[in-house]
Amino acid sequence: MATKTEAKPTGAVDEKIRGRGKTYEGLSRERLIEAYRVMYTSRRLDDREILLKRQQKIFFQISGAGHEAVGLAAGFAMKPGYDWFYPYYRDRALCLALGATPLDMLLMAVGAASDPQSGGRQMPSHWSFPKLNVVTQSSPTGSQILQAVGCAEAGRYFAAHPQAAKKNAGDYRQFKDVKFHGDEVTYVSLGEGASSEGEFWEAMNTASNNKLPVVFVIEDNGYAISVPVEVQTAGGNISRLVAGFPNFHFEEIDGTDPVVCYAAFQRTLAHCRAGEGPGFVHAHVIRPYSHSLSDDEKLYRPDAERNIDAARDPITLMQMFLIREGILDENGINKLEKQVEDDLQVAVDQALDAAPPTPDTISQYIYSPDFDPAAAALQVEPIAIAPAADGKKVAPKTMADLINATLRDEMRRDERIVVFGEDVADCSRQQYLTEKLIKGKGGVFKLTYGLQNDFGCDRVFNSPLAEANIVGRAVGMATRGLKPVVEIQFFDYIWPAMMQLRDELPLIRWRSNNGFSSPCVVRVAIGGYLTGGAIYHSQCGESIFTHTPGMRVVFPSNALDAAGLLRTAIRCDDPVLFLEHKRLYRETFGRAPYPGPDYTIPFGKAKIVQPGTDLTVITYGAVVPRALQAAQKLEREQGAKVELIDLRCLNPFDWETIAASVSKTNRALVAYEDTLSWGYGAEIAARIADQLFDQLDAPVRRVAAKDVFVAYQPILEDAILPQAEDLLRAMKELVEY
Ligand SMILES: Cc1ncc(C[n+]2csc(CCOP(=O)(O)OP(=O)(O)O)c2C)c(N)n1
């Protein structure tokens, strides 16, 4: 235990007084007693929970044992409610030091309705304390790291754009309080095991490159469940591997010594607060208990090794330090510990008496309770377009044009919007633009063209080629109140971001019981019919996301719908996956004049493309023009009239319109571009069969892609994707049934 003296009393001073004034890396003796109280409380809370689990009064336990000193030190060095925190599950002592109480934690363990972290939705130790700026944590071990980077970026953005923090009635800003401080720092911690994950490296890269005020804390206890560090980390030491990242302040320390840790945090925070860049604190700690109560470490760690760890137990070391320094004697320690035990007993009793959540609350906060994106008020008429000066009609615009125009108008209206992704900027080397040496790119499909030029490179910028980086940072930014509108270049490459898209973005609100939310928009170019797009530029797969509660999914088929739905997506308070069909970007079908800067369309309202009486066809995206072509041919050839429904929005979707139509036509065909089996239309078909069975005069049919990926050679592509002839054939079969 470090004993460096900072105050230097003169020799004449009485020994007792000298002792009283002595500080330890800035920690007074009183503060060190408080430090021990927090560390001891943390350990005993783990022990109480372990007992409660054995008594089957709680359902899960994971301990912070052995990590108390480093957590305590970070909590003492940083400012709750001012700095931001993305803590690992072993950060019990950190949270206690920041101001969370043992009762808070026990309410998590019993899964009480009043559990402040999640209202009984998450396992204990998945910390979330909105007032302290401790942001809701999840179980995937590395998914917090990129979010912390986004959080730090948001703080920097608001400091540069303070006006953007203002509230605004009528959109998500009304419900999102923004707070920021120019010198705030974001804390994120992880185990050495989680440092093997790609998202860790993506986060280090961006924090370093952008000189972000993030402190990365590696709590290295040498094991990830049963896998030792030398298997995780090349050479066995993460500090050696990251040493080449520029702009960092690095510390590698004994994480069992709170004084050493506190000093390391002070140096690191000074670097971060001064805007010099991120910090990296590699703390060597111990894991005196098994990984969790489901693990028995004796199966893979011999006693000799465990005994070496035990000799470094931070609780014992701290007791010895307090006695050695004359800060507390044995009696004082006993008194403090007794007080902790008594207080814990009160908290345990209270937690065991706490009411559990009621089952009728399970659907609360999947989506925003404040802003309904399906509200009728969002149905707005397009503005009337005056003819051009020469009296000619203004040429209608493509879907690509209107998406670009909508982004531009929304960015003008809302300074919280930032746009980033791969290649979305006009030009990362801003001086080329400024000197007008180049025209600028603005996306591989040019959907974001000109936005950097208009709004600057802190609002429109390129990301690294790393999809998790894009979505993870967006989640962190949106949590703070920014509105990231990010782009995934091709749906086929969305998968590296899947952890963020499935386990994080749509879950932030629900899992924190409305403590946090991250309403951002993820625009994705999707779909085939490209003549040469092949396997990796043609995929659909929307059902994977409509299968994810908390995620709104939109899929427009024409320019006007794209403009209206994108605006609703940006203004709404939920995460939205906005799917843009590449083949429709510049299609002649569905062009329209710009409908104006306030044109919105409510989510979950289908469009009847053409009314009919003989068959209902339910579809969306690029199948809409193909189905229309087939329906027109059917009418010409057989006189049968198809009612063609374009869903436009897949979650929520418009069941009322489907039900009314099928009840009228008594026949239903569901058509979609994705592969047939388990595709989005399978759910629609099942619901029709289930709820409209009595209305049906024919089986519910589906037309979709063959169950194979899209091939390169156009003859194969045509055979794989649903064509107008396939639709016509199915329509004929159904009307003749
Ligand atoms: C992405 C992911 N993979 C696997 C798991 C299961 N898991 C939970 S904790 C853990 C080990 C984590 O080790 P480390 O990061 O070193 O932290 P420690 O538990 O040692 O503190 C594993 C594999 C998980 N939660 N998330």
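Contact here means heavy atoms within 4.5 Å. The model is predicted. In this predicted model, Phe445 touches Gln489, Phe490, Ala525, Lys582, Tyr585 and Arg586, with residues up to four places away in sequence not counted. Phe445 itself is found in a loop. That loop runs between α15 (430-434) and α16 (451-455). Phe445 and Lys706 are 261 residues apart in sequence. In space, the C-alpha atoms of Phe445 and Lys706 are 27 Å apart.

The ligand site was examined next. The ligand is surrounded by 18 residues. The closest are Tyr88, Tyr89, Arg90, Gly193 and Tyr223. By class, the shell around the ligand holds eight nonpolar, seven polar and three charged residues. Polar atoms of the protein and the ligand also pair up. The side chain of Tyr89 places an N or O atom 2.6 Å from an oxygen atom of the ligand. Tyr89 is also among the closest residues of the shell. In the side chain of Asn221, an N or O atom is 3.1 Å from an oxygen atom of the ligand. At Ser139 the backbone takes part: one of its polar atoms is 2.9 Å from a nitrogen atom of the ligand. On its own, the ligand has 590 Å² of accessible area, and the protein covers 73% of it.

Helix packing was considered at one pair. Two packed helices are described by the angle between their axes and by the distance between those axes. Helix α5 (residues 102-110) packs with helix α13 (residues 330-353) at an angle of about 35°. The axes of α5 and α13 are 9 Å apart. Their crossing is right-handed. From α5, the contact is made by Pro102, Leu103, Leu106, Leu107 and Val110. From α13, Leu344, Ala347, Val348, Gln350, Ala351 and Leu352 contribute. Ten residues of this contact are nonpolar, one is polar and none is charged.

Two points of backbone geometry complete the account. Tyr365 is found in the loop between α13 and α14 (399-413). Phi of Tyr365 is near 70°, a positive value in a residue other than glycine. Asn651 and Pro652 are joined by a cis peptide bond, with omega about 5°. Pro652 is found in the loop between β17 (649-651) and α23 (655-665).

Technical notes:
Residues are numbered from 1 along each chain as its sequence is written. This is a predicted model: local features need pLDDT of at least 70, side-chain atom pairs count only at pLDDT 80 or more; totals for chains, interfaces and linings use all residues. Side-chain values use heavy atoms; hydrogens and water are left out. A residue is near a molecule or strand if one of its heavy atoms lies within 4 Å of it. A polar contact is a pair of N or O atoms within 3.5 Å; within protein, one must be able to donate a hydrogen and the other to accept it, and residues adjacent in sequence count only if both atoms are side-chain atoms. Accessible areas come from the Shrake-Rupley method with a 1.4 Å probe; for residues, only the protein chains shown count as cover. Ala, Val, Leu, Ile, Met, Phe, Trp, Tyr, Cys and Pro count as nonpolar, Asp, Glu, Lys and Arg as charged, and the others, Gly among them, as polar. Axes are lines fitted to C-alpha atoms, for helices over the stretch in contact, and angles run from 0 to 180 degrees between N-to-C directions. Helices (H or I, at least four residues) and strands (E, at least two) are DSSP runs, numbered from the N terminus. A crossing is left-handed if the near helix is turned anticlockwise from the far one by less than a right angle, and right-handed if clockwise.
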